Amino acid sequence: MNSDDPSIPSSILTTADPGLPRPNPTQSYWQHRPHPLANVQSAPLPSTTDIAVIGSGITGLSVAKNLLEQHPTAVVTVLEARTLCSGATGRNGGQLAPNAAEEYLTLLRAHGAEMAGRIVRFTLKNLDMMMRLIEEYAPEEAQLERVRKLRVFLSSKAFAAFKASLAKLERDHPDLKGVYEVVDAERVVEEFGIYGSAGAALLPAGTAWPYRIVTSVFAALREKYPARLAIETNTPVTAVSYDAEPSAYNSPYPYTLHTARGPLRAGKVTYCTNGYTGHLLPKLRGLIYPFKGSMTVQDPGQSVPNRASSISWAFHYPVSYNNENQHCDHGLYYLLQNRQTGYFFFGGESAPWSYSISADDSFMERYAVEHLQRDLPRYFGKAKSGSGPGSDSDWQLVSAWSGIMGFSFDELPLVGKLPRSLTNRGGDGEWIAAAFNGYGMANCLLSGEALVKMMLGEDVSACFPGAYFIDEPRLMRAKLALPKL
């Protein structure tokens, strides 16, 4: 199947095998100086572990950290197909921001006011805990900035929809009133220098260097728990199997993780594999699918002031879809500015479905970069005739890369114990936290913590959104949405 063929239905793309993370990904600017642990591994691979964690992004880190801190004896092995934190976390936009008000009406219709409110509060708490984690482990290295996010709406229809969603959020949950501040179009120009908007909203947020915080915490954990934590990079897990017949050989390690470096036996397995989940768990294809994002770093020179310590941005524009070539403009740009260099880190998607619904981050098409070069200067009142190659803009492209996010059929994360109907194996020791739908920084840390509490037998219903659980009602909805499951 040619994934570049625009005629391929999106339903086929979402249910295809994503494969393993590609060995030669595009170079993320965040990782241009690799951490000393980037290629760390044991010699040889351990033969057994109490708990295997597949994936070394923010979710895998959270699971490993909480297991080590909450289980006094557990031996934890983190396996990563490529270098440490080389997946979505090490390739994202560096944004610490919720999309609470923007999505509230959608959440309300699907889950009711009480659950929608719980999801909003969970993401806000998760972001606060992320900032605390950064301040504890790497405040300077990870370049944390506590800012306000300016969400700019480029159409009056989108701005009106946002205000209606915000008003309903505040009516249903008065304690959340005041989190957002609505800004009119005139103020957007006068105070923030953004042209062409219908209005905007300000909300508390943050920005950070995601790769550096994850690698810094892993380094601290490795130093604190040298006998209980193994990190095995460049060790792709190609399959997982279960030995149903206990013996002196496999007990208490009934699972075997088959890797390029040999087998690893484990008592439990946790999948923090996001967009690649369907490769190891074929029955989750379609429930979770990969989505390729595009990021750039652009140097504006002296054309705009450096506001890195006070503002990050998002631009909401009308979603459009061309049925003839299946090209989709996804309606959102996101950006931050670096305090030291003034560079803008700018991402957003405009591409055919066959390009976007993909797990291949080893390349970028030119159109995926050019629209980001063209549009960013325009929003700041520069390059009226466009920017990018051949234009009158003095903005320079510093770096560009792609990254694979994990999306779900109902746009919520999937967290909890995997039922046998999804693993096709015996045993009850397989767990998952994945599919963060582009908002991993607002969900991953506390999802990993909740998953560990579940693994240890604790009840998390009071502190974790029930809509995120993998349960039978949700799986039934998935079967209706995806009849071939």
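Student: Are H3 and H6 roughly parallel, roughly perpendicular or oblique to each other?

Tutor: The model is a predicted one, and in it helix H3 (residues 100-137) packs against helix H6 (residues 210-224) at an angle of about 60 degrees, with the axes 10 Å apart. Angles under 35 degrees would count as roughly parallel and those from 65 to 115 as roughly perpendicular. The two helices, H3 and H6, are therefore oblique to each other.

Student: Which class of residue makes the contact of H3 with H6, nonpolar, polar or charged?

Tutor: The crossing of H3 and H6 is left-handed. H3 contributes Leu133, Ile134 and Tyr137 to the contact, while H6 contributes Ile213, Val217 and Ala220. By class, this contact of H3 with H6 has no charged and no polar residues, and six that are nonpolar.

Student: Is alanine 97 buried or exposed?

Tutor: Alanine 97 lies in the loop between strand S3 (95-96) and H3. Apart from neighbours within four places in sequence, alanine 97 is in contact with Leu127, Lys149, Arg151, Ala205, Tyr439 and Ala442. Its relative accessible area is 7%, and because buried means under 20%, alanine 97 is buried.

Student: How many of the 13 residues of H2 are buried?

Tutor: Helix H2 (residues 58-70) reaches 18 Å from its first C-alpha to its last, close to the 18 Å expected at 1.5 Å a residue. Among its buried residues are Ile58, Gly60, Lys65 and Leu68. H2 is largely enclosed by the rest of the structure, because the number of its residues that are buried is 11 of the 13.

Technical notes
Residues numbered from 1 in each chain as written. Predicted model: local features only at pLDDT ≥ 70, side-chain atom pairs only at ≥ 80, totals over all residues. Heavy atoms only, no water. Helix = DSSP H or I, 4+ residues; strand = E, 2+ residues; numbered from the N terminus. Expected span 1.5 Å × (residues − 1). Buried < 20%, exposed > 50% of the residue type's maximum accessible area, 1.4 Å probe, protein only. Axes fitted to C-alpha atoms, helices over the stretch in contact; angles between N-to-C directions. Parallel < 35°, antiparallel > 145°, perpendicular 65-115°, else oblique. Left-handed = near helix turned anticlockwise from the far one by under 90°. Contact = heavy atoms within 4.5 Å. Nonpolar A, V, L, I, M, F, W, Y, C, P; charged D, E, K, R; others polar.
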